[in-house]
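This report walks through one protein chain and its ligand.

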Amino acid sequence: MKIFNTLTRQKEEFIPLRDKEVGLYTCGPTVYDYAHIGNLRTYLFEDILRRVLENFGYKVKQIMNITDVEDKIITGSQKAGLSLKTFTRKYEKIFKSDLKKLNIKSPAKFTRATEHIPAMIKLIEALLAKSLAYQIEGSVYFKTSAFKKYGKLARLDMEGLRSGARVDIDDYKEGVHDFVLWKAVKKGEPSWPSPFGKGRPGWHIECSAMSMQYLGETFDMHAAGVDLIFPHHENEIAQSEGATGKTFVNYWLHGEHLLVDGQKMSKSLGNLFTLRDLEEKDFAPLIFRYLILTTHYRSKLNFTWESLGAAKNTLRKLKDFVNELTSHKNTGLPKTSLDDYKKGFEEAITDDLNTPEALAIVWKLINNYHGQPKQYNPKKILKLIYDFDKVLGLRLKKIGSVEIPVEIKSLVEQREKLRQEKKWEEADIVREKIEKLGWRVKDTLERPIIGKI
Ligand code: AMP
Ligand code: ZN
């Protein structure tokens with residue numbers, strides 16, 4: 001399997017640390033609001049990554065943090081008049097339900113920052129002992145000038161930066177890129193006791209402490225969106241490698257952004273959508289999943305309602321195809337081999353998760369089947385498509401096995417009879433009745449296909 005490693009800026013063959021086992025850390029949400037669909041694009045990319053690895057027999061141990069203490073959270077909870085815990089648990093629950101709706105597999109563990117403060121304190125102590133951190137008025141900062149490899153992920157020109165800008169330096173910091181590890185308590189804010197005084201952890205230290213606690217000091221993969229390359233991941237490397245003297249992560253993976261009208265999604269521009277906004281406009285979450293699969297994770301994707309509409313139609317056609325195949329009797333022989341499709345699909349997904357190419361192969365198979373149905377064994381195609389869906393995650397099996405109520409079946413039969421008698425208007429009335437009940441009929445040469453709307 002080849003993946004693009006941000007550290008080397010190259011596609012590399014993936015070699016795990018342990019045979020057939022992968023440690024994967026994915027930066028999770030700050031729980032003070034609904035996740036937007038840009039965030040969800042990143043979690044979808046990480047889910048595809050995990051599914052591809054699992055598809056090839058790797059056991060993936062995925063850890064995802066929940067940032068449940070942070071400036072925006074503190075302000076939000078105070079405004080809502082709720083305790084930090086009640087406030088963050090509410091958004092954590094919504095986040096997890098979004099993941100479920102998108103058929104994103106749950107990590108082995110969600111790690112809450114507030115439940116790992118001792119591990120963070122220990123890491124900060126190690127950095128202080130190595131003179132990689134300093135204390136000012138109850139806060140602790142990382143001293144970037146003392147860590148020689150600082151800037152290796154983001155490829156910063158540290159010499160140029162050091163001699164140049166001394167602008168924007170926080171009053172309390174010694175260097176431009178120095179960042180906070182421990183924030184001294186402020187009045188009215190939540191805090192924890194520590195050897196440096198009462199306070200709370202900085203954001204970056206969370207991910208270093210929790211990833212190493214569960215995955216070890218060196219692990220295989222770390223993923224997030226491109227905006228986290230700097231400073232978040234650069235700082236994670238500095239903290240972790242500074243403390244342990246070992247390589248922190250072997251492969252860094254970053255997904256590109258979802259844009260709206262060519263711009264980054266943001267609250268101030270009013271171009272931010274959540275999964276709820278999509279559902280309100282009658283777009284089921286898996287339509288969004290399909291849309292995301294149509295673009296490579298390292299390309300920017302401009303979100304439009306038109307493209308979501310197109311994804312809806314294409315996904316419907318794919319579901320219809322699955323329905324069509326499930327209603328076929330196994331015709332036994334003859335049959336064209338499907339090996340090339342299987343191989344093509346696997347080559348695409350193992351080539352840095354090329355999902356658009358993988359989908360193209362699915363459609364090639366569907367089109368070839370429709371061109372010469374007698375050349376294929378429908379049951380075998382169905383099995384292959386279900387295998388593909390283990391990676392695509394579109395829940396196609398569920399569609400294929402959906403139970404059609406007797407009432408719907410009999411309405412469809414009634415409509416068929418009317419159509420044979422060329423009573424078109426009456427047949428249309430029955431079709432409307434079927435649709436009102438949440439079902440759809442699609443006429444094919446052989447028989448009508450029944451599906452859920
Ligand atoms: P945050 O809650 O801001 O830390 O973001 C959670 C995840 O979403 C991180 O992996 C970010 O890199 C990612 N992310 C933020 N904005 C976007 C966007 N517009 N498109 C794709 N991913 C994003
Ligand atoms: Zn992180």
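## Ligand contacts

A polar backbone atom of L258 sits 2.8 Å from a nitrogen atom of ligand 1. The protein covers ligand 1 well: of the 490 Å² that the ligand exposes when taken alone, 88% is buried by the protein. The model is predicted.

Two further polar pairs involve ligand 1. T42 uses its side chain: a polar atom there lies 2.7 Å from a nitrogen atom of the ligand. G225 uses its backbone, with a polar atom 3.0 Å from an oxygen atom of ligand 1.

## The shell around the ligand

How many residues surround ligand 1? There are 14, and the closest are G38, T42, G225, D227 and L258. By class, the shell holds four nonpolar, seven polar and three charged residues.

Which elements supply at least two residues each to this shell? Helix 1, spanning 37–55, and strand 10, spanning 219–225, both do. Helix 1 gives the most, with four residues.

## Overall fold

The protein chain contains 16 helices and 16 strands. Its C-alpha trace spans about 90 × 50 × 35 Å along the principal axes. The chain has 453 residues, and 51% of them count as buried.

Among contacts with a separation of 6 or more, 76% join residues 24 or more positions apart. The chain exposes about 21800 Å². Carbon and sulfur atoms supply 51% of that area.

## Nonpolar cores

In soluble globular proteins, nonpolar side chains tend to be buried together. Here the largest nonpolar core has 126 residues. M221 and F288 have the most contacts inside it. Helix 1 contributes the largest share of this core, nine residues. Helix 1 also gives the most residues to the ligand shell.

What does M221 touch, leaving aside residues up to four places away in sequence? Its partners include I3, F14, V22 and L24. L49 and L53 are also among them, as are V249, Y251 and L253. A second, separate core has 10 residues, including I408, L411, I434 and W439.

## Two loop residues

H328 lies in the loop between helix 10 (305–326) and helix 11 (339–350). Is H328 buried or exposed? Its relative accessibility is 12%, so it counts as buried. The side chain of H328 makes a polar contact of 3.2 Å with the side chain of Y369.

T30 sits in another loop, between strand 3 (21–26) and helix 1. Its relative accessible area is 24%, so T30 is partly exposed. The cut-off for buried is under 20%. T30 touches T67, E70 and I73, not counting residues up to four places away in sequence. E324 is 294 residues from T30 along the chain, and the C-alpha atoms of the two are separated by 43 Å.

## Backbone exceptions

Most residues other than glycine have a negative phi, and most peptide bonds are trans. Which peptide bond is cis? The bond from F230 to P231 is, with omega near 0 degrees. P231 lies in helix 7, which covers residues 229–244.

R155 has a positive phi, near 55 degrees, and is not a glycine. R155 belongs to the loop between strand 7 (139–142) and helix 5 (158–163). At 48% relative accessibility, R155 counts as partly exposed, because the cut-off for exposed is over 50%.

R395 also carries a positive phi, about 55 degrees, although it is not a glycine. R395 lies in the loop between helix 13 (378–392) and helix 14 (396–400). With a relative accessible area of 28%, R395 is partly exposed.

How values were computed
Residues numbered from 1 in each chain as written. Chains lettered and ligands numbered in written order. Predicted model: local features only at pLDDT ≥ 70, side-chain atom pairs only at ≥ 80, totals over all residues. Heavy atoms only, no water. Near = heavy atom within 4 Å. Polar contact = N/O pair within 3.5 Å; in protein donor to acceptor, adjacent residues only side chain to side chain. Areas by Shrake-Rupley, 256 points an atom, 1.4 Å probe, with all protein chains shown as cover. Nonpolar A, V, L, I, M, F, W, Y, C, P; charged D, E, K, R; others polar. Buried < 20%, exposed > 50% of the residue type's maximum accessible area, 1.4 Å probe, protein only. Contact = heavy atoms within 4.5 Å. Core = buried A, V, L, I, M, F, W, Y, C linked by side-chain atoms within 4.5 Å.
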